[in-house]
Amino acid sequence: MSFRAIERSARNLILICLILTAASVQAQISTSVDTTNIRIGEEIKYSIEVVADSTDLVLFPEGQSFQPLEMIESYKVDTTYEQAKYRLIKKYGLTQFDSGAYTIPPQRIAINDKVFSSDSIFIEVADVPVDTTKQKMFEIKPAITVGGSSFNFLKFLYWLLPILVLAGIGWYLFRKKKQREAEEIQLPPYEEALVSLQKLDESNLLSRNRSKDYYSQLTEIVKRYLDREIDETALESTSDELIERLQLHKDAGNFEFDQETIQKLDQILKRADLVKFAKLELNQVQASADRGAIEEIITDTHEAVPEPTEEELLQNEIYAQEQRRKRKQKRIVYGSLATLLVLILTTVIFGSVYGWGKLKDNVIGHPTKDLVEGQWYRSEYGIPSVVLETPFVLKRLDEELPQEIAEAVKSNRFFAYGSLLDRFYVVVSTTEFSQPLEGELDASLEASLRSFEAQGAKNLLVKKEAFETGKGVKGLKAYGSFESDNPFVKGYDTQNYEMFVFGQQGALQQVIIAWLDSDPYAEQMIERIRNSIELEVQTAQQAKK
């Protein structure tokens, strides 16, 4: 056999091995589904199973690669070990929301540096059956506006600010109270110094090698005592300044200080400065000696301070009372200012959020708002009666009729609330005529409009239309606006009005309502009164009587 023939045979052998290897790898991948028939929205479990060596890198498909089906969940890979191989099972949750026949496309699985494709699978998606004989059908609901749920920081700040202010005021008052209590229980200077020295002994600072803290407290005790008893600047003075001022008090004869006491204090203060600022380490024996010396200095100074006279005690008491009075007065002023500030902040916040007009109406009150929210009365007025619901009972008034129509009127009754210059004006009138009149509805409206002008109405606008009560009684309605003088300021008020006139068998029934155009609550009353109008229908026999 030639060399070329041997080379050709080797190539064919390698190619056959590669084909067999690929076929064996292809045979290690399988796909399946738990069902091929689902209803709309149901889940299909799609599984890819791969058997591979432990050293193989297997990559399963990710993302929406199952179109036209939708992947709703990708489950974790389930791994088992069997016969030196790994069995990997990857599951996906798939679904479809439209009925029909679909095909899950082949999926690409990568093993090491090779990519393999799975088989496609046929799926059927069926409709959900609906029994219209048992399932009640409803009308389509209208669209409604849903309030947004977004966080409103500005409104949150409006509520948070008063809480913070009140918390700050409460903390300040509590702190002041604690300070006052501390002042009230404060001991006299000498007793306070001895108690502080006792507490220093109990602190065990020396045994813990805290000389700096020990000498800081020791010098503060003696300085505080001298500040309260001898010199008011002792606490703020340096060691040299304090010794100098004590020497001046001695030379001036204010206090009978022993020169040795001043020198002893000077030495202790200088030693304390070295400990505090130069980090000098002193043994406990020296520190204990300095503590005893400080107590002697305080005792000697206390004995050198003259006892106050009765006059001085009286002055001190008067001074203390004056100080207490000033503190009490200051607390009252601060409390009043804090209360005023809270009221102002609350007013500003609620005014900004809900509007100043609404705030004023709810706090101060509004006459029309009070009528809307108050008790209402349903009453009958006149003959034939007019039934009306109002927040007040109309008052009967005597009205003189013109001479030219007085003879034709059998009876006339007039009821009213307020006047044309008030915020709200309601009139109900019923008139019985001796005989039917022609065109009485239009004539009555014209007469009422002339009455408006006679009372000061200007620029009267009139519109007319038919009107019918809730029970079907028909009449005539006139409405519009006019201007009237404002008795409080120079200018005019714009008012609206409505007139309702009904005529029947020789009787005339009329309702008139007028209100300020700028009144935000009047329209609520108008609508309620208008809807409550009902009439007593007079028959022909009643009219003859």
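The lining of the largest cavity splits into 6 nonpolar residues, 2 polar ones and no charged ones (Ala, Val, Leu, Ile, Met, Phe, Trp, Tyr, Cys and Pro count as nonpolar, Asp, Glu, Lys and Arg as charged, and the others, Gly among them, as polar). The model is a predicted one, with pLDDT of at least 70 needed for local features and 80 or more for side-chain atom pairs, while totals for chains, interfaces and linings use all residues. Residues are numbered from 1 along each chain as its sequence is written, and side-chain values use heavy atoms, leaving out hydrogens and water.

Searching the whole structure turns up 2 cavities of 30 Å³ or more. A cavity here is a set of points, on a 1 Å grid over the protein atoms alone, where a 1.4 Å probe fits but cannot get out, and lining residues have an atom within 4 Å of a point; points are joined across faces, edges and corners, and the volume is the space filled by probe spheres set on them. The largest cavity holds about 50 Å³. Around it sit Leu226, Leu246, Phe257, Thr261, Ile262, Leu265, Ile297 and Thr301. Helices H6 (259-277) and H7 (284-304) are the elements that each give two or more of these residues, and H6 has the largest share, with 3. Helices are DSSP runs of H or I, at least four residues long, numbered from the N terminus.

Over on the surface, Trp171, Tyr172, Leu173, Val333, Tyr334, Leu337, Leu340, Ile344 and Val348 make up a nonpolar patch with about 850 Å² of accessible area together (Shrake-Rupley, 1.4 Å probe, only the protein chains shown counting as cover). Patch residues have over 30% relative accessible area and no salt bridge, with nonpolar side chains (Val, Leu, Ile, Met, Phe, Trp, Tyr) joined within 5 Å; a salt bridge puts a side-chain nitrogen of Lys or Arg within 4 Å of a carboxyl oxygen of Asp or Glu. H8 supplies the largest share of the patch, 6 residues, and Leu337 lies in this helix.

Terms used. Patches are made of residues with over 30% relative accessible area and no salt bridge: like charges are joined within 9 Å, nonpolar side chains (Val, Leu, Ile, Met, Phe, Trp, Tyr) within 5 Å. On a 1 Å grid over the protein atoms alone, a cavity is a set of points where a 1.4 Å probe fits but cannot get out, and a pocket is an open set with protein on both sides within 12 Å along at least five of seven lines; lining residues have an atom within 4 Å of a point.
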